[in-house]
Amino acid sequence: MRIALLQLAPAGSLEGNLRKGIESCRKAKELSADIALFPEMWSIGYDIYGRAADEWMKDAVSSESTFTDAYRKLAKELCMAIGVTLLEKTGEGVRNTIMLYDRHGEEKLRYAKVHTCDFGEERYLLPGDDFCVTSLDTAEGPVRIGAMICYDREFPESARILMLKGAELMLVPNACPMEINRLSQLRARAFENMAAIATCNYPSSVPDCNGHSTVFDGVAYLPGIPGSRDTCILEAGEDEDIYIADLDLSMLREYRRTEVHGNAYRHPEKYNILIDTKIEEPFIRDDRRQ
């Protein structure tokens, strides 16, 4: 399965981002991609910093807008899945959303960021309420795909839930500096869940971003190879470009069938504290106590 990470700088407007995104998807198809993934909140280029909330929230578009419909039609035209991101307008509020269209132009997944960055501008967003997994039809057969967005990555529960729902590949639109610790989080999420994780970030020309989009295939051990292998099969540079990674699904599935991570030896009956909302200690920030 060939994944195209569209590490693009925004064009400065909804119409410009639409045009540039369509052009980039066409290039991804020319590179034989099965799926193209955008960075976080592509519809507005994550342009929320330094602007009043009521100003940038007016830039939200609905999931049935001309913007999203163009990508739905494009996915069908190109026979290529597209994971496009947007500042989504709903009847209840505004959300940070990814929509995944399959190669037939069908909407297969709509996920709103659960862990919104409530310490900053994202506190005005409506958080999502669940983690979604879908079966994506590809030329190589069906693939179980889930999604999490940027800050979701910093909570191991996000990827764990996706794994428990059957995700083989997790798509992660992103908009922040991908330095050693955040890259290590992605590596850990892939390792502990025996899952592939594809992350698409903005290039370094975008404020507070630095590229380094990645794909981790989640396969730490292979027969005949001593020790562990590097699960990172792609790490982009800082520049704007379309980065391609080939994911060996047969290798991943055989690894999941025989290895010890993921759901193999969990003890969920001992994890009750994870859903206790009245935990007092340890807690660092007094302003976040229940």
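Predicted model: local features only at pLDDT ≥ 70, side-chain atom pairs only at ≥ 80, totals over all residues.
Overall layout to begin with. The protein has 6 helices and 12 strands. Its C-alpha trace spans about 50 × 50 × 30 Å along the principal axes. For 290 residues, a compact globule would have a radius of gyration near 19 Å, and the protein has 19 Å, so the two agree. If we take contacts with a separation of 6 or more, 67% of them are between residues 24 or more positions apart.

Next, the surface and the charges. The accessible surface comes to about 13,600 Å², and carbon and sulfur atoms hold 50% of that. There are 35 positive and 48 negative charges, and their mean positions lie 3 Å apart.

Now to one residue, H115. Where does H115 sit? H115 is in the loop between strand 5, residues 107-112, and strand 6, residues 133-138. Is H115 buried or exposed? Its relative accessibility is 19%, and the cut-off for buried is under 20%, so H115 counts as buried.

What does the H115 side chain pair with? Another, at 3.4 Å, joins H115 to the side chain of S158. Leaving aside residues up to four places away in sequence, H115 touches F131, Y151, D152, F155 and S158.

Notes: Residues numbered from 1 in each chain as written. Heavy atoms only, no water. Helix = DSSP H or I, 4+ residues; strand = E, 2+ residues; numbered from the N terminus. Rg over C-alpha atoms; globule rule 2.2 N^0.38 Å. Contact = heavy atoms within 4.5 Å. Areas by Shrake-Rupley, 256 points an atom, 1.4 Å probe, with all protein chains shown as cover. Lys, Arg positive; Asp, Glu negative; His and termini not counted. Charge placed at Lys NZ, Arg CZ, Asp CG, Glu CD. Buried < 20%, exposed > 50% of the residue type's maximum accessible area, 1.4 Å probe, protein only. Polar contact = N/O pair within 3.5 Å; in protein donor to acceptor, adjacent residues only side chain to side chain.
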